[in-house]
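I am opening a notebook on this structure and will write down what I look up, one entry at a time.

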2 protein chains.
Amino acid sequence: MDVKDLCLGALTYGDATGYDIKKFFESTFGHCFQAGYGSIYPALAELTEAGLVTARTEPGQAGPSRKLYHLTETGRRAFLARLETTEPQHKIKSEFLVLMHFAHLLPTARLDAVLDQHLRELERKLEMIDAYECGGAGDGRLQHPGTRFVRGFGRAVMGAAREYIRTHRRGLGQPGSEAATRSTKQVRARSKASPASKNRGYTNA
Amino acid sequence: MDVKDLCLGALTYGDATGYDIKKFFESTFGHCFQAGYGSIYPALAELTEAGLVTARTEPGQAGPSRKLYHLTETGRRAFLARLETTEPQHKIKSEFLVLMHFAHLLPTARLDAVLDQHLRELERKLEMIDAYECGGAGDGRLQHPGTRFVRGFGRAVMGAAREYIRTHRRGLGQPGSEAATRSTKQVRARSKASPASKNRGYTNA
DNA sequence: TGCCCCATATATCAACCCGATATAGGATGG
DNA sequence: CCATCCTATATCGGGTTGATATATGGGGCA
């Protein structure tokens with residue numbers, strides 16, 4: 001399930017240029033899958049090579065010439081096959097959470113700034129989802145259940161993240177928090193309990 | 001904020017081998033940041049080159065020889081500097097949600113299977129978080145507020161995802177929902193209706 | 001009118017990451 | 001006694017990221 005497949009998927013809605021496809025990705029998958037030109041153009045080239053899409057160049061009336069891509073019947077079947085066989089993953093790569101892990105090494109001001117920044121970011125993405133739901137989507141092609149499910153998913157997850165940060169950011173400020181004071185005791189008890197056999201590096205126990 | 005920085009961070013807890021560092025990543029960031037050997041070993045090599053860490057090889061009593069890495073004072077300062085200057089991102093790459101977007105092209109059985117699979121996956125990760133919170137963490141070094149915040153974040157977000165899937169999967173099943181039944185007709189009507197001016201590709205109006 | 005910036009549009013490149021694979025000794029266990 | 005797993009290091013190809021180059025037409029504004 002790489003960008004090639006995404007392009008095939010985009011083209012199931014009709015012919016489009018690489019630029020269009022990027023726009024489609026942003027509006028539809030902006031919060032859960034991003035792909036840049038550096039992936040899209042090579043992908044389209046390979047798909048053309050493989051006969052899954054065809055390309056025709058149109059002299060652009062407004063702006064540069066457009067290369068319109070079209071999904072072939074072979075391409076459509078290939079896409080459906082991928083949809084049925086791929087086992088889909090869901091990966092998160094969060095430098096933000098890494099930073100939060102090392103909160104004890106951060107000045108309080110910086111910590112606050114990062115948290116505020118992330119909250120703003122969440123807010124922005126939530127608004128984007130709503131924007132594309134009502135306003136941007138003048139065309140109805142993108143208003144099927146799948147679209148709504150994906151947007152709802154984003155809303156649910158990002159809403160939960162926002163809520164969590166708001167209610168738990170207090171606990172990050174240096175020691176103080178009751179859980180933190182308890183943990184020291186707990187820890188000591190536990191490290192005594194473990195039989196000290198192996199215990200090098202981080203792999204505790 | 002790349003794997004090099006993550007390695008420096010891991011080494012703030014004490015000397016470790018590449019293998020240890022990977023284990024640390026898995027236990028601590030497993031649900032929000034993954035790094036494989038293909039990233040870790042080159043990173044450690046570069047860090048050694050740059051003098052941010054030092055390496056000493058110990059003949060392994062149990063197993064192959066271990067190359068223990070140690071954070072230098074320069075390395076520690078470099079890491080703290082990165083923590084303060086990086087603006088942290090939080091990215092999601094979900095083939096699962098892409099698949100859900102194209103639910104209308106999937107057989108019902110497949111759709112159900114994918115949803116069940118994802119729910120199991122969520123369950124598994126939630127259990128992993130709990131496991132590392134109580135069981136695995138015999139050593140107390142990893143029981144500071146940052147650790148708890150990150151785990152709590154994961155629990156909140158993944159819990160929300162699970163809840164959303166459970167309550168909204170019904171709506172994905174083929175047509176049924178009012179918008180879906182209309183969609184086929186709509187598409188045909190629209191491609192005729194659009195004034196051919198703008199409205200090419202996906203970028204709607 | 002002239003100017004600058006923005007949107008459209010295609011394309012490439014270095015750096016980096018991911019997943020798979022190779023290697024190998026020791027422990028575990030049926 | 002052999003299969004399998006765990007520890008441990010290392011490399012490679014293919015793919016992604018993010019930045020950059022190039023080009024043109026339209027809109028705003030002084």
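**Helix 3 of chain B**

I began with helix 3 of chain B, where Ile40(B), Ala43(B), Leu44(B) and Leu47(B) are buried, that is, 20 or more other C-beta atoms, placed from the backbone, lie within 10 Å of their own. Seen down the helix axis, these buried residues fall within an arc of 100 degrees (taken from the directions from the axis to the C-beta atoms), so they line one face of helix 3 of chain B. The face turned away carries Gly38(B), Pro42(B) and Glu49(B), which are exposed, a word that stands for 12 or fewer such atoms.

I noted that the model is predicted, that local features need pLDDT of at least 70 and side-chain atom pairs 80 or more, while totals for chains, interfaces and linings use all residues. Residues are numbered from 1 along each chain as its sequence is written, and chains are lettered from A and ligands numbered from 1 in the order in which they are written.

Helix 3 of chain B covers residues 37-49, helices being DSSP runs (H or I) of at least four residues and strands runs (E) of at least two, numbered from the N terminus. Among what covers its buried residues I found helix 1 (3-11), helix 2 (18-29) and strand 1 (53-58) of chain B. Just after the helix, Gly51(B) takes a positive phi of about 80 degrees.

**Chain A**

I then looked up Cys7(A), which touches Ile21(A), Ile40(A), Ala43(A), Leu44(A) and Leu47(A), leaving aside residues up to four places away in sequence; touching requires C-beta atoms, placed from the backbone, within 7 Å.

Note on methods:
Two residues are in contact if their C-beta atoms, placed from the backbone, lie within 7 Å. The expected span of a helix is 1.5 Å times one less than its number of residues.
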